[in-house]
Structures are given as structure tokens and as C-alpha cells.
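Biologist: Could you take me through the reading of a few features here, giving the general idea and then the case at hand?

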Amino acid sequence: MRLSRYFLPVLKETPREAQIVSHRYMLQAGMIKQASAGIYSWLPLGFKVLRKIEEIVHQEQQRAGHIPMLMPTLQSADLWRESGRYDAYGPEMLRIRDRQDRDMLYGPTNEEMITDIFRSYVTSYKDLPLTLYHIQWKFRDEMRPRFGVMRGREFLMKDGYNFDLTKEDALHAYNRHLVSYLRTYERMGLQAIPMRADSGPIGGDDTHEFLVLAETGESEVFYDGEITDLKFGDRAIDFDDHAACAAVLEEFTSRYARTDETHDEALFNQIPEERRRTARGIEVGQIFYFGTKYSDAMGALVDDGKGGKVPVHMGSHGIGVSRLLGAIIEASHDDKGIIWPEGVTPFHCGIVNLKQGDAEADAACEAIYDSLTALGLEPLYDDRDERAGAKFGTMDMIGLPWRITVGPRGLKNGVVELTSRRTGESEELPPADAVARIAKIYQGIA
Ligand code: 5CA
């Protein structure tokens, strides 16, 4: 992409309404624009990162054997009356009446709708296990929408639902989700710690929230400091292997880690004092096992193979896709702007031309641009007729992890400059070597 042809409305001033850094940088970098309280337009740069995050979520869901689909945002109130949640959900639910006077709602989650789909088609245990998911906009009329996309009213969520014959199988689905989430967040450059939580309006007893530690997080968390040493990494895991998934769950959840909702001071105090940590965290996902709560209420039954009909065991599993942009920025920025992890960066590399209009510099930039593009990478070439300082400022704010700087002086010596956004370190090297380095960095990522 050439910046002169892109739509990147970077703001010069600091937006006053932003209380936390991720919100401020998303506005300043031209990623989002507020449409009304807690509702945002995703401008091209923000949309690009959102799509990258979605893509990682899709890949990791499907790696775990979960099946993608898409349900609508608007739902019929009748389904929610069946589960009893139409009244129970309260003022957070946006209720709408259509021209036929039918009660509708903008879905805050999809347990009822997926259970209805399931009961319409599946009648036998032979079709189990089954996990369906979608990535769709949700609406919750939050009392205090704030911090930009972090607590929106309209927000993008991955929500997945497992259907299993037995509790044991459903608990395997729970474990499988936990394992796949570990890898999902790590690919985004995040450490998200599973913590024992409260199930709220979704229901059930078994639930973990995934928290990214950040001073600006809305949840207070308590954990054993040893937890932050754990990495899932690039482990190959067979998601059908119950024992293997259970072992990972055990590894990542056996140490004390709880949100304030479930915090137990006496248990916490059993951890050696030097390992006790109190911090704040951003909830980027939550998994639930709630058994037959919805299948009982809505009659989602299957033949059990022994002549009987039994309600299926279910769980639901969410990832806050749009919230993740805020969480990643909170975890990765400096005073100049965002620093995107390679896995989610909107463009792989910036190209800054220090002397636009200089025949040699222009040609070198074009050649680098073409080579990167030919390798399947997406560079952002700042080809504007602007001062070098302004170009650097934009690149630092939008946070591309790598920048190649091209100027007539360097070219005389046959070199360009390759700079890491994270460390600020620069290195001079021939243009072809810079391209090769970028290609190597993104091997296995892009
Ligand atoms: N049905 C279940 C799981 S699919 C469910 O709705 N879970 S949830 O309520 O925990 O939401 C899942 C994730 O969505 C949360 O972990 C959080 O990351 C994100 N989320 C929830 N509310 C908001 C909000 N107002 N703004 C942005 N993200 C949100």
C-alpha cells in the first residue's frame, strides 16, 4: 500500500476523551472513530488488525476441530423466553420491536439460537461430539461503555458452543478450548492467564477467564507469580486426546489464579509470600461448562444409543475479538505509539523515503516494495512529500514492527536502514539484504 493513496487519518492532537493509552492510540492512529457511545466505525487500519485477529482465531478454532458458521445479530425474543433469559437478562439487552409488533433483540450472546439450530437437526449421539462457532457482532447496553473498544456496547466476539453426550466429553471440550486459547493468544503476542472466575448470566459452575495483565485492566486479579513463566509455545497437541488436553489444563490452572469474584484470601495466603501477586487484568476470553441448562430448557435431546433420550451437555466459549486490539496495545506500546507484535501487525514493514522525488531514492523504494510484495508480504510505503520527521512520527504511532528507511546518502554507499520499532535499533545493509531479513522474520507468521 502506498500511503499517498491510503486512508490513514492520523490525528496530531491528543484526543481528550481517551483515558487509557490503547484508546488514545487507536484514535490517534486513525484506527477507529466513535459513532456513538460504545459504538465504533473501524477505519481501514483498525479494520486490518481486526481481520488479522479474526484470522488467527479462525485458524486456531479449526485446528482444534471446531466448525465455523454465522448466525444473525438480530434474534427473536421467543427463543429467549424458552430459556427464561428474556426477562432475566435485564437492561443490558437491547430490545427491538419490528413492524409486525414482534419482539426482537440484538444478540448479546447466542446460546439459545445455537441450541435451537442443534435441536432442529441433531437427534442422535452418533452426530456428537460437535462444536460450532462464529465470529459475530454482539450488543450489550453496558452501563458504562468506556476505554474505546475495550468495553464497547457493540463488539465483536468469537463464541463457540460444544454439544456432547456426556459430562465427561463436555469437560474434554472445555479443556480443548482452554488449550486452543493458550495458543491463540500467544500468536497475538499476548500472555493470557486462565483464572477461575464467576459465570454470571451465562450460568454453570466451571468457568475460566483469560486475563492479560495490564495496569489499566478492569479486573483485579490474584495469582501465583510462577504462572507467568508458563509458555504454551509451539507444542503439537492432538485435540482429540483427552488425557493430553487435561494435562495442559492441569499445568496452566493448578496454581492459584483468580479474579476478585472468586478470590479466596485464605487459599491465596498459602502461596509463599514472595510469589503472591495482586495485579489488574483485561479479560480477553472466557470458557464455560454449564451442562444441560439450555438443552433441558429448550428440549435439545439425542438418542443415547440405549433406547433413551437425553439432554446434551453443553458449554460456551468466548473470545473478545474487538477488545483484543485494546489489550494488545495496552501490553505493547511506548510513548511514541503502538508496537504491533508481528502476528497481528496491519502491514509487515514500513518503507520511508527520505527524499521523495529523488530518482534514485524513488526507484530503490519501488524495488523494495515490489520485492516484499512478491514475497507475499504487505509493506506500507510512505511516498508522501513530507519531512522525514513527520514520516517517522506516523510510522512510530501506527506501530509497524519494522521500518526500512531509504535516502540518497545511504544509497550512495549501497545501503538502506532497517529499524526495529520495539528496540529502536537500526542497522545499515544493502536493500536486498533488508528484504531478505524481513522475509525471514515473517517466515511461519505471515
Ligand atoms: N456466551 C459466552 C461465551 S461464548 C459469553 O458471552 N461470554 S462472555 O460474556 O464472557 O463474553 C466473551 C468475551 O467477550 C469476554 O471475555 C470479553 O473478552 C468480551 N466482551 C464481553 N463484553 C464486552 C464488551 N462490552 N466490550 C468488548 N468486549 C466484551
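Modeller: The side chain of Thr-207 makes a polar contact with the side chain of Gln-286 at 2.9 Å, a polar contact being a pair of N or O atoms within 3.5 Å, where within protein one must be able to donate a hydrogen and the other to accept it, and residues adjacent in sequence count only if both atoms are side-chain atoms. This is a predicted model, in which local features need pLDDT of at least 70 and side-chain atom pairs count only at pLDDT 80 or more, while totals for chains, interfaces and linings use all residues. Residues are numbered from 1 along each chain as its sequence is written, and side-chain values use heavy atoms, with hydrogens and water left out.

Biologist: Is Thr-207 buried or exposed, and in which strand is Thr-207 found?

Modeller: Buried means under 20% relative accessible area, exposed over 50%, and partly exposed in between, with a 1.4 Å probe and protein chains only. Thr-207 has a relative accessible area of 0% and is therefore buried; its place is strand β10, residues 206–213, strands being DSSP runs of E with at least two residues and helices runs of H or I with at least four, numbered from the N terminus.

Biologist: Which backbone oxygen lies 3.1 Å from a polar atom of the side chain of Lys-48?

Modeller: That oxygen belongs to Pro-346, and Lys-48 itself lies in helix α2, residues 44–63, where Lys-48 counts as buried because its relative accessible area is 18%.

Biologist: And what is the relative accessible area of Ala-432?

Modeller: For Ala-432, which is found in helix α14, residues 431–441, the value is 57%, so Ala-432 is exposed.
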